[in-house]
Amino acid sequence: MQNENNTKDREIILTRILNAPRELVWQVWTDPKHIDKWWGPNGFKNETHSMEVKTGGVWSYIMHGPEKDFNNKIAYTKVEEHARLEYLHTDGEEPPQIFFNAIVTFDDLGGKTKLTMKTIFHSAEALRKVVEENGAIEGGKQTINRLELHLAEVAGKKEFTISREINAPKQQVWEMLTKAEHLKHWWGPTGLDMQKATVDLRPGGLFHYGMTAPDGNEMWGKFTYREIEEPNKLIFTNSFSDASGGTTRAPFPGLVWPLEVLNILTLTEINGKTILTLSGYPVDATQEEETSFGTMHASMQQGFGGTFDQLDAYIEKVNQTA
């Protein structure tokens with residue numbers, strides 16, 4: 001393993017607090033039946049040939065991409081069960097091309113896990129190349145996002161899902177979902193008037209908005225974008241907010257509600273119309289918050305149904321005046 005010191009100019013470090021116990025995170029990272037379901041960036045599918053997670057063991061797999069397949073070989077140089085993986089990642093060819101060394105640590109946070117993934121390249125130029133040409137940082141973030149989704153599925157989170165057919169092509173629906181000048185006309189519960197809206201459509205960017213109720217009370221909310229795949233998919237967390245964009249608790253007395261909900265919104269076009277599907281579940285939530293979220297599914301169906309009614313009406317109005 002390369003010396004961990006003096007590598008800052010040639011390393012990528014990604015961290016994430018995962019809402020799952022360390023033993024479960026370790027399991028889905030070291031078992032082919034799990035890791036093949038989430039390993040790799042968006043649009044890629046993993047196929048493990050063999051996997052032996054131990055010091056001196058090897059994981060061989062093919063990453064099936066949208067346009068080509070990629071052979072991969074991971075040689076484990078140090079394995080500490082539930083705590084640490086160190087490995088050398090190559091292309092699996094003979095002679096191999098060394099891609100990078102990696103250190104993955106799993107820190108127990110009492111039912112949650114702090115994941116830290118460090119990849120160390122042989123030079124700063126090699127790092128620059130994979131970041132600029134291959135999108136290595138964004139690809140790593142997408143992979144961890146997919147891990148989060150798989151963990152939620154394995155843990156049996158109370159996921160909320162709603163689908164709706166929108167009478168418009170996918171590209172137009174995408175614009176309605178991602179541009180402030182459109183969102184302010186339809187997003188939000190029926191009866192609330194959106195007064196302010198800004199959109200910074202990029203991973204880490206926000207859709208931040210303020211709404212006014214008929215009684216004059218003001219309420220703020222925000223999306224924090226994680227993945228953007230135009231015009232097919234948005235992954236984002238949504239939460240209540242304040243005027244400065246901070247994250248706040250639900251402003252309703254007595255309501256136990258998660259601080260953030262992770263949402264996956266997909267668009268599929270069929271015969272000129274768009275099937276919009278929204279799925280969401282709490283992240284970093286207490287058991288009480290998850291239970292509350294689950295009991296509110298019927299109310300959420302009604303609320304989102306009204307919101308999508310407003311989207312339908314707004315699109316019809318836009319198309320009539322075009």
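Phe-223 is buried, at a relative accessible area of 6%, where buried denotes under 20% relative accessible area, exposed over 50% and partly exposed the range in between (1.4 Å probe, protein chains only). Tyr-209 is likewise buried, at 9% relative accessibility. The model is predicted: local features need pLDDT of at least 70, side-chain atom pairs count only at pLDDT 80 or more, and totals for chains, interfaces and linings use all residues. Residues are numbered from 1 along each chain as its sequence is written, and side-chain values use heavy atoms, with hydrogens and water left out.

The structure holds 24 aromatic pairs; rings of Phe, Tyr and Trp (its six-membered ring) pair if their centres lie within 6.5 Å, with planes under 30 degrees apart counted as stacked, over 60 as edge-to-face and the rest as tilted. Tyr-209 and Phe-223 form an edge-to-face pair, with 6.4 Å between centres and 85° between planes. Tyr-209 lies in strand β10 (residues 206-212) and Phe-223 in strand β11 (residues 218-229), so the pair ties together parts 14 residues apart in sequence. Helices (H or I, at least four residues) and strands (E, at least two) are DSSP runs, numbered from the N terminus.

Seven strands form an open antiparallel sheet in the order β1-β7-β6-β5-β4-β3-β2, where pairing requires at least two DSSP bridges between two strands. The edge strands, β1 (11-18) and β2 (45-51), each pair on one side only.

His-150 is located in helix α4 (residues 136-155) and is buried, at 5% relative accessible area. Beyond its neighbours within four places in sequence, His-150 is in contact with Val-28, His-34, Lys-37 and Trp-38, contact being heavy atoms within 4.5 Å.
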